[in-house]
Amino acid sequence: MKLEPEVNEKSNKGLSKFLNGIERVGNKLPDPFMLFVYLALFTILLSWFVSSLGVTVVQPGTGEEIPIKSLMSGEGLRYMLTSMLENFTGFKPLGLVLAMMLGIGIADKVGLLETAIKSTILKAPKALTTYAIIFTGILGNLASDAAFVIIPPLAAMVFYTIGRHPLAGLAAGFAGVGSGFTANVIIAGTDALLSGISTEVMQSIPNADIVVTPVDNWYFMVVSVVVLSVTGALVTDKIVEPRLGNYEGDAKGELEQTSFVEKRGFRNAFLAGLGYVALLGIALAWPGSPLRNDEGGIIPSPFLDGIVPIILIFFIVIGVAYGVTVSKINSPADVSKYMGEAMKDMSGFIVLIFAAAQFIAYFDWTNIGTWIAVSGANFLGGLELNGIIIILGFVFLTALMNLLVFSGSAQWALEAPIFLKMFYFMDFHPAFVQAAYRIADSSTNIITPMNPYIIIVLAFMKEYDKKAGLGTLISLMLPYSIAFLSVWIVLLLGFALLGIPVGPGVDMYLNK
């Protein structure tokens, strides 16, 4: 019994030493802007080399033979010159982040976010704070990619406000949103998107009359939310925050009590937000609502497609309501002033995005990611493994492939035609295979440079630690990635071995 604390202490020191090593190596990398420039140059050279070998890849599903295209060719040169501006302005996270910061910026600059934290979270048990942040981050995928912009910085602000290390809060928020992206207690757009791809593949198999529905992974994902919330909180409290130590940045000291005017402002902001949500609910419930799809459903629908503008307007509404009450907003000009201040804070991010957008666009255009993903899938399929072992091999392969192909739907479109057919002839249910794919795809979201939101989180991180670099971020997120993947694999095995359905009527094997 006496040896346990010593073993745990040695284990923690060993892990901390390992993560510190990753941070040191990672922070010796060039400035993030130059890093993406070098990655783009490397992609150019790699595409030329692979293309010169005449390498091609057969597109799963369509059977189309796709060549690896060289950026050091006439076609490649034209592409780089003519697409540079479009790569930048058309980079999805850029518009999303800037639009969201217009609304969040107002709420922040007028003081609403700080008042909200003082009025709510500070009164809650601090022991539950981490669990609440991870849980909120996981459920945040209902807001799609907007969750990457909203939750991590707010989580950092919460930790900072209650006297904990803000980078630990930011890491917890990013882990919940990124590694827990595919889990939820509600059927979300991800369920519909992935099941649609799975169904299309299964219907291409002769005599395989199988439809994968959006609810086929629901039971597993509901349990996953609880398990991952606990796992993420333990990683934060036991590994990440102790390693960071005490925060020595610009501390505010003791927070002042909420004044009467601030309380009234928060009340008015709450009422304004409640009114906005009520109007939105009425618009959704209205017969023939244009926010629903043609069948009257919500998944998919214009409502979900427009979730970012809807959230943007929400933050503007509550920010203006608070600002007017506390006399921070006295004219329409004040609104644009606060929006401008919020945009100034994002200037470094905008510069970084220019280089990152070029690298990601070049990598996609050359088809290198597709070639590597399909080659890896074919390699695993040729190993002739059986049973649950090959499912585990599939999970690890997908986790690695996610480092190169960030889009979950794009990667599933590559893998599904290969693996669903292979596993079907081994009697595995396609929805079970889809669940295995989802845990692998989500777990490594937070450590891949192909994730454009890593850049955003790094920008938020530098607000609290100017010296923080990519190595700092990766060393913070790696424990979450490993823990989430490990726990999720155990959970999947538990469902499989105990015969628990992952969704209504969906077991590991087909009942042919």
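Student: Which helices each supply at least two residues of the lining of the largest cavity?

Tutor: Helix 2 (32-52) and helix 20 do. The model is predicted, so local features need pLDDT of at least 70 and side-chain atom pairs pLDDT 80 or more, while totals for chains, interfaces and linings use all residues. Residues are numbered from 1 along each chain as its sequence is written, and side-chain values use heavy atoms, without hydrogens and water. Helices are DSSP runs (H or I, at least four residues), numbered from the N terminus.

Student: What is a cavity, and how many of 30 Å³ or more does the structure hold?

Tutor: On a 1 Å grid over the protein atoms alone, a cavity is a set of points where a 1.4 Å probe fits but cannot get out; lining residues have an atom within 4 Å of a point. The structure holds 2 cavities of 30 Å³ or more.

Student: What is the make-up of the lining of the largest cavity by class?

Tutor: Ala, Val, Leu, Ile, Met, Phe, Trp, Tyr, Cys and Pro count as nonpolar, Asp, Glu, Lys and Arg as charged, and the others as polar. The largest cavity has 8 nonpolar lining residues, no polar and no charged. The second largest cavity, of about 30 Å³, has 5 nonpolar, 2 polar and 2 charged. Among the residues lining the second largest cavity are Asp191, Trp218 and Arg438.

Terms used
On a 1 Å grid over the protein atoms alone, a cavity is a set of points where a 1.4 Å probe fits but cannot get out, and a pocket is an open set with protein on both sides within 12 Å along at least five of seven lines; lining residues have an atom within 4 Å of a point. Grid points are joined across faces, edges and corners, and a volume is the space filled by probe spheres set on the points.
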